Each structure stands twice: as C-alpha cells, then as structure tokens.
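Student: Please take a close look at one helix in this model. I would like to know where it sits relative to the rest of the chain, and what its surroundings are like.

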Amino acid sequence: MRVIAFLVILALGACGFTPVYGPNGAGTVLQNRVLVDKPDDRTGFLLVQRLEERLGRSSDPAFRLAVDLAMRAENRAIDPDGDIRRFHLIGTAEYTLLEAGTDVVVQTDTVENFVGYSATGTTVATLAARRDAQERLMTILADQIVLQLQGSDL
C-alpha cells in the first residue's frame, strides 16, 4: 500500500502537479494579494466577504478582482391553491482577475449555481428563508471563484 502511494506521488510530481499552497502554487500567489472591488448591495457584500475570508484582505494588492453578480428566482413548486411553495435562487458571477495598477486581464470566467428555499408559513418566514438562501448561494459562488483561480496558472 505504501509503495502505491509513493508511486502516485512520484507520478503527480512528474506531470507538473504543484500543490495549491506549495511554493509558487496559485494559492500562495493569491493569498493576501487580491483586492476585491467594492460591492453594490447586500448580496455583493456577502460575496466579497466570503472571497476575503478565503483569499485574505490585501493592504498591498498585486491583483484586483472585479465581479459582476446577477441573481434571479424561479418558481419550483405550486400547491393546488396556486400558491408558490418552493423557489430556486440562481446566481451568476462573472469575474475578472486583473493585475493591480496596469489592469491587464489575468483571468476571466463565469460561475453559476443555485439554492432552494421554501415559501411555507408566514411572509416573515419566507423572507428569512430567502435571505438564508442568498447567503448560502454567495458562499457557493465564492468557493467556485476561488477554486477556479487556485486551479489556474498564475
């Protein structure tokens, strides 16, 4: 078993595999070196907060991250009375990583995902469920952005 693990490690090293947080890994290059653009609204704030938790907050950035965020709700379950009981909240984040100062584009891409929430009970409960869904969605989108950035060649 140890021999197999050793062979796997050798094979990964031979194919150019670099650990994300190893020397010269994308995680090390980005950590505490990315300034995320200021958000426009609550969901943008949540996304920026999650990105800064994962990438760190930079006082001397080497990169700037611009994110264009869009969200929409879709009806998913309607009861026999015609009331909507379940929604999907779909979020799309188009991001661009730029070199600080020069604004040369390093990477650009789009991530998309969804979360669901129920609309049962009172209006207050439905609004609370929607806010919770927005927080979960921003966490998912931030994780996807960071994963793509860390998997890229910087």
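Tutor: A residue counts as buried under 20% relative accessible area, as exposed over 50%, and as partly exposed in between. Asp143 has a relative accessibility of 34%, so it counts as partly exposed. This residue lies in helix α4, the part to be examined here. The model is a predicted one.

The place of the helix in the chain comes first. The chain contains 4 helices and 4 strands, and their order along the sequence is α-α-β-α-β-β-β-α. The helix in question, α4, spans 123-150. With 28 residues, α4 reaches 41 Å from its first C-alpha to its last, which is close to the 40 Å expected at 1.5 Å a residue. For the chain as a whole, 61% of the contacts between residues at least 6 apart in sequence join residues at least 24 apart.

Next, the buried side of the account. Of the chain's 154 residues, 33% count as buried. In α4 the buried residues are Thr126, Ala129, Ala133, Gln134, Leu137, Met138, Leu141, Ala142, Ile145, Val146, Leu149 and Gln150. In soluble globular proteins, nonpolar side chains tend to be buried together. Here the largest nonpolar core has 29 residues, and Val34, Leu51, Leu65 and Ile145 have the most contacts inside it. At least two residues of this core come from each of α2 (26-30), β1 (34-36), α3 (42-55), β2 (63-78), β3 (84-99), β4 (105-118) and α4. The greatest contribution is that of α4, with 9 residues. Ile145, one of the residues with the most contacts inside the core, is also among the buried residues of α4.

Val34 is another of those core residues. Beyond its neighbours within four places in sequence, Val34 is in contact with Leu55, Gly56, Ser58, Phe63, Leu65 and Leu97. Among these partners, Leu65 is itself one of the residues with the most contacts inside the core.

The elements that give two or more residues to the lining are α3 and β2; the largest share, 5 residues, is from β2. By type, the lining comprises 8 nonpolar, 2 polar and 5 charged residues.

Most residues other than glycine have a negative phi, and most peptide bonds are trans. Asn32, in the loop between α2 and β1, is not a glycine, yet its phi is positive at about 60°. With 42% relative accessibility, Asn32 is partly exposed. Asp103, in the loop between β3 and β4, likewise has a positive phi, near 60°. Its relative accessible area is 41%, so Asp103 is also partly exposed.

Key:
Residues are numbered from 1 along each chain as its sequence is written. This is a predicted model: local features need pLDDT of at least 70, side-chain atom pairs count only at pLDDT 80 or more; totals for chains, interfaces and linings use all residues. Side-chain values use heavy atoms; hydrogens and water are left out. A nonpolar core is a set of buried Ala, Val, Leu, Ile, Met, Phe, Trp, Tyr and Cys residues joined through side-chain atoms within 4.5 Å. Buried means under 20% relative accessible area, exposed over 50%, partly exposed in between (1.4 Å probe, protein chains only). Contact means heavy atoms within 4.5 Å. Ala, Val, Leu, Ile, Met, Phe, Trp, Tyr, Cys and Pro count as nonpolar, Asp, Glu, Lys and Arg as charged, and the others, Gly among them, as polar. The expected span of a helix is 1.5 Å times one less than its number of residues.
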